[in-house]
Structure formats: structure tokens, C-alpha cells
Amino acid sequence: MANREFYDVIIIGGGPAGLSAGIYALRASMRTVLIEKASPGGQVTLSDEIENYPGFQNINGYDLSQKFLEHAQSYHLEVLSQEATSLEPGLERHTVQLNGAEQLKSHAVILASGGLPRKLNIPGEDEFYGKGVSYCAVCDGFFFRNKTVVVVGGGDTAVEEALYLSKLAHKVYLVHRRDALRASMILQQRLKADKKIEILWDTILAAIKAGEGQVSAVDLQNTQTGETRELAAEGVFIGIGFNPNNQLVPAGTKVNADGYVCTDEKCETNLSGIFAIGDLREKYGRQIVLSAADGCTAALAAAYYVEVKRAAENL
Ligand code: NAP
């Protein structure tokens, strides 16, 4: 088994949290590597317009992620395009296993693995994924020009998806299981002002149906009356939140009921030298600016942790 050199800090995940951690770790002279199985950038690359990252009144998500990456690379951040398959905490060293059978060791590990869209788990959802079912309007909306689409959810994601799709589709139905949205007020105002969008309150999707292999309709159910009906639609966009990617979180780490990692104010978990940041971490609000801030906090704390370890080892 090959063994690379030892690192001060290993960062797992290359979204805004991980890349910000990389910038701060390198500025603190930490020997740092960032592991990312896909292209660096994370979920933000899927956003069409970002209007709330300070300093940018309006920027495309991909462009913003490239700016993060270029900034980190200006400090020569080493990026490994591999998948981390396990993290084994140790008293002296933590070990990260890569899928290529290689192992990396470090003083500190910063987990920045983000999350994945939540599923409805209804008939047709998996079967017609890519055939009308999508979790990303910015990625797939183009295919639904002048068509009728359904968006599911009542949070910022669903409302943003509905607003984006209304620029392309003929008609957008926003299906929400309650009678009030969770989305921010500014998005709600835009939604309600959009003539192409119709909100179906107190309604859930019971099934997604297809004709000739492509989505053609959905079965709806009213949660108050129990009444069911079919609605013709060619696209279904599911925006009901996401689950944290916590597969690498070691046994014994404190996580909450939804699987988010609990940390202290330094973003450190209850396992010494293991940090969790961004959408993986339990906190109030999931925003790019918060992920970037987490990356800063964890890298500063990790650098201090590494200095103390080094000093102790040299005694
Ligand atoms: P979210 O805020 O958790 O909202 C999920 C929505 O989906 C809720 O309305 C929920 O209904 C509904 N839902 C959940 N499970 C469902 C199910 N099984 N069937 C039907 N409906 C279901 O998730 P999100 O909208 O993805 O946002 C996540 C975080 O990212 C939030 O903090 C949000 O502010 C942030 N975000 C920000 C932006 C932005 O600022 N531009 C964009 C996107 C996301 P209930 O309301 O009934 O629970």
C-alpha cells in the first residue's frame, strides 16, 4: 500500500467551505491537501444566480466557485481528484483512506463533504430520473422550454427553482405539503408576483407517471381532503432540502437527529483534531457565506491545534 507524505491538514470536500479552509490553512503555513471526488466547487456550481454573497450583487454559481478555486490555487493548494472512503481517527495521527488503496495521514482533518438532495421516495422518482425527474432546474431546465413542470417543496430551493423555470416553461406548478412557505420573504414575494406560477397548497405528489419513457403526469393528493387527481406535466423538479454527506464521519462523533455533525464554536467535533464545516455541520442557516466562514474558523482552529501538537512532539 502506497503512503504519501504526512500532512498537517487534510480537507475532504471542495465546495466553498473546503476551499475557504484551504485558503486559510495555507496562509497559516499548514501542509495541506484537499480531496474532492468531483470537480471542485460543490453544490454552488448548480446555482444560476447568487445574489447574497457579499461583494457580488449577482454572480453565477459556477463563476463564484471558480473564483474560490483560483483563490485557493494562488496559494498552491494541492487538490487530489480522488474519493476518500474512510476516516480513522487516531491519538497521534488521523488516517484517510482513498479509493485507490492509498492512505493519507495528518494531524487534523476538516470534513467539508456537504449534502445531497433529499428524495420523495415515491413511485416513478428513481425510474424516471433524467427522463423528466430532476433535482436541479439550472442543470435541466433548458429541456423544459414551453412545457408544463411541477416543482415540489416550500423552501428557498423549491421557490428559486420555480422562479428559474418560469423563465423557460409554459406553466409551473409549485406543489407544497402545507399552507405556508418556508422560503425567505423576498423569494415568496417574487413567486407570488409571477403569473406563470401556480401554488398548489396542502398537496403532495403521490406518484410520477410516464408515457413512452418520459414523464407525462403526476398523481397529486390533497393532505386536507384526501382527494386525489392527475395533473399533466412533462417535468418534475424536487427541491425538498438535502441530507448531509456524513458517510465519512467516524463512529463516536456526535451528530444530531438529521445526521448533521455537532461541533463547538471552532467547528471541532468531539473527536480531537477532526473538524466539520459547511452543510455537513449542524448550524442555523445554510448559506455560501456561512460555509466560507466555517472554512475560515476550522482552518484557524486546526492550525492552532497542529502548532500545539508539533510543540508537544518536540518536547
Ligand atoms: P428546506 O429549507 O429544508 O425546505 C425544504 C422544503 O421541502 C420545506 O418546505 C418542506 O416542507 C419540504 N419538504 C421536505 N420534505 C418533504 C417531503 N418528503 N415531501 C414534501 N415536501 C417536503 O430546504 P431547502 O429549500 O433546500 O433549503 C436548505 C437551506 O439552504 C435553507 O437554509 C435555505 O435558506 C438555504 N438556501 C438558500 C438559498 C439562497 O439564499 N439563495 C437557496 C437555496 C437554499 P415543510 O415546510 O412542510 O417542512
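Predicted model: local features only at pLDDT ≥ 70, side-chain atom pairs only at ≥ 80, totals over all residues.
Me: A polar contact is a pair of N or O atoms within 3.5 Å; within protein, one must be able to donate a hydrogen and the other to accept it, and residues adjacent in sequence count only if both atoms are side-chain atoms. What makes arginine 178 and the ligand such a pair?

Reply: An N or O atom in the side chain of arginine 178 sits 2.7 Å from a ligand oxygen. Residues are numbered from 1 along each chain as its sequence is written, and side-chain values use heavy atoms, without hydrogens and water.

Me: Why does the ligand lie between domain 1 and domain 2?

Reply: Both domain 1 (6-115 + 243-313) and domain 2 (119-238) give residues to its shell, so the ligand lies between them. The bounds come from an automatic or database domain assignment.

Me: Why is the pair of tyrosine 53 and phenylalanine 68 called edge-to-face?

Reply: Ring centres within 6.5 Å make a pair; planes under 30 degrees apart are stacked, over 60 edge-to-face, the rest tilted. Here the centres are 5.6 Å apart and the planes 85 degrees, so the pair is edge-to-face.

Me: Is tyrosine 53 buried or exposed, and how do you know?

Reply: Buried is under 20% relative accessible area, exposed over 50%, partly exposed in between (1.4 Å probe, protein chains only). Tyrosine 53 has 16%, so it is buried. Phenylalanine 68, at 9%, is buried too. Phenylalanine 142, at 53%, counts as exposed.

Note on methods
Phe/Tyr/Trp six-rings, centres within 6.5 Å; stacked < 30°, edge-to-face > 60°.
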